[in-house]
Amino acid sequence: MLLSFERRNASQTKPDQNSFEGHNCENNVDDCPGHKCMNGGICVDGVNTYNCQCPPEWTGQYCAEDVNECLMQPNACHNGGTCFNTIGGHTCVCVNGWTGDDCSENIDDCAIAVCFNGATCHDRVASFFCECPVGKTGLLCHLEDACVSNPCNEGAVCDTNPLNGRAICTCPAGFVGGACNQDMDECSIGANPCEHFGKCVNTEGSFQCQCGRGYAGPRCEIDINECLSTPCQNDATCLDRIGEFTCICMPGIGT
C-alpha cells in the first residue's frame with residue numbers, strides 16, 4: 001500500500017512581493033524557483049507561496065521527515081516477516097521459506113531438491129515432499145519398498161521406515177511379532193479376562209471364556225436370571241440366585 005502524497009506550505013506571503021504580474025495582473029508569479037523541497041519532493045506553486053508534494057517515503061513541510069512504514073503499514077511484511085524502518089524506506093527480514101521485498105514469495109525448495117527414481121517433487125514452505133513411484137520409498141524415494149513383498153501376516157498393516165526402507169507391521173488384535181504371525185495368548189497376559197471365575201481358553205487371534213454355573217456372555221459378565229422362565233407355580237415369588245433360584249410360596253402352599 002503506497003502512502004498518499006502530502007503537501008505543506010513552504011513559505012509565507014511576503015507583503016512586499018507581488019503575487020501576480022502582467023499588464024492586467026493576470027499571471028500568478030511562480031514561487032517555486034529556489035524552493036526548499038527535499039528528497040524528491042515536487043514543488044507545487046500557489047499564490048505567493050508553494051507546497052511540497054512528497055514521495056511516499058517522506059513527509060513534513062519540506063519532505064525532510066522519514067515515514068516509518070513499519071508503523072504506518074502493519075502488514076508491510078507478510079508471512080511472519082519482521083519490518084525494520086530505514087531512512088527513505090523499510091526492510092523486511094523474512095522467516096525461513098519466504099523471500100521477496102515483502103516476504104510474499106514462497107521459496108521453491110524443489111529447485112534444489114533431489115528426488116530419485118522418477119519421483120515427483122512437491123514444494124512446501126521451507127521443505128519439500130517426494131512422491132515416490134510404486135516400489136520405492138524413503139524421504140528421497142531412494143530406497144526399495146519392503147512392503148511390496150507383503151511381509152506382514154494377513155490382516156496386518158504394512159508401513160515402511162522412511163530412513164531405511166524396512167517394513168513395519170502393525171498387528172491386528174490377537175497377534176504379535178515382527179510379521180504379526182504369532183498368536184497372542186490373552187489368557188496368560190495380566191489378569192484373567194473372564195469375569196466371575198470363568199475359565200479362559202486361548203484361540204488363534206483371540207480367546208473364549210468358559211463360564212461357571214449361573215453366568216453367560218463373552219466374558220461371563222452376565223448373571224443368568226433363572227427366574228425368567230417362571231419356574232415357580234401357584235403365584236409363588238421367584239428369587240434369583242447364582243446358578244439357581246428359590247420359590248417363596250404363598251401361605252398354605254407347600255414347598
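The C-alpha centres of domain 1 and domain 3 lie 63 Å apart. That is in a predicted model, whose chain is divided into domain 1 (11-67), domain 2 (71-106), domain 3 (108-144), domain 4 (145-183) and domain 5 (185-250).

The UniProt record, an unreviewed entry, places "domain: EGF-like" at six spans, including 106-142 and 143-181. Residues 106-142 are 0% helix and 30% strand, with end C-alpha atoms 26 Å apart. For residues 143-181 the figures are 0% helix, 31% strand and 25 Å.

Now the disulfides. The count comes to 17. Cys37 is joined to Cys52, S to S 2.0 Å. The pair links the loop between strand E2 (27-28) and strand E3 (42-45), which holds Cys37, to strand E4, which holds Cys52, 15 residues apart. The torsion about the S-S bond is about -90 degrees, so this disulfide is left-handed. Cys37 is buried at 12% relative accessible area, and Cys52 is buried at 0%.

Cys194 and Cys209 form another, S to S 1.9 Å. Cys194 sits in the loop between strand E18 (182-183) and strand E19 (199-203), Cys209 in strand E20 (residues 206-210). Both cysteines are buried.

Towards the end of the list, Cys227 pairs with Cys238 at 2.0 Å between sulfur atoms. Here Cys227 is buried at 14%, while Cys238 is partly exposed at 22%. Which cysteine sulfur is nearest to that of Cys249, a residue in no disulfide? It is that of Cys247, 6.4 Å away. Because its relative accessibility is 28%, Cys249 counts as partly exposed.

Last, Pro56. This residue is in the loop between strand E4 (50-53) and strand E5 (58-59), and is buried at 17%. Pro56 and Gly88 are 32 residues apart in sequence and 8.8 Å apart in space, C-alpha to C-alpha.

Note on methods: Residues are numbered from 1 along each chain as its sequence is written. This is a predicted model: local features need pLDDT of at least 70, side-chain atom pairs count only at pLDDT 80 or more; totals for chains, interfaces and linings use all residues. Side-chain values use heavy atoms; hydrogens and water are left out. Domain bounds come from an automatic or database domain assignment. Helices (H or I, at least four residues) and strands (E, at least two) are DSSP runs, numbered from the N terminus. Buried means under 20% relative accessible area, exposed over 50%, partly exposed in between (1.4 Å probe, protein chains only). UniProt positions are given in the numbering used here, feature names are shortened, and annotations may be inferred rather than shown by experiment. A disulfide is a pair of cysteine sulfur atoms within 2.5 Å.
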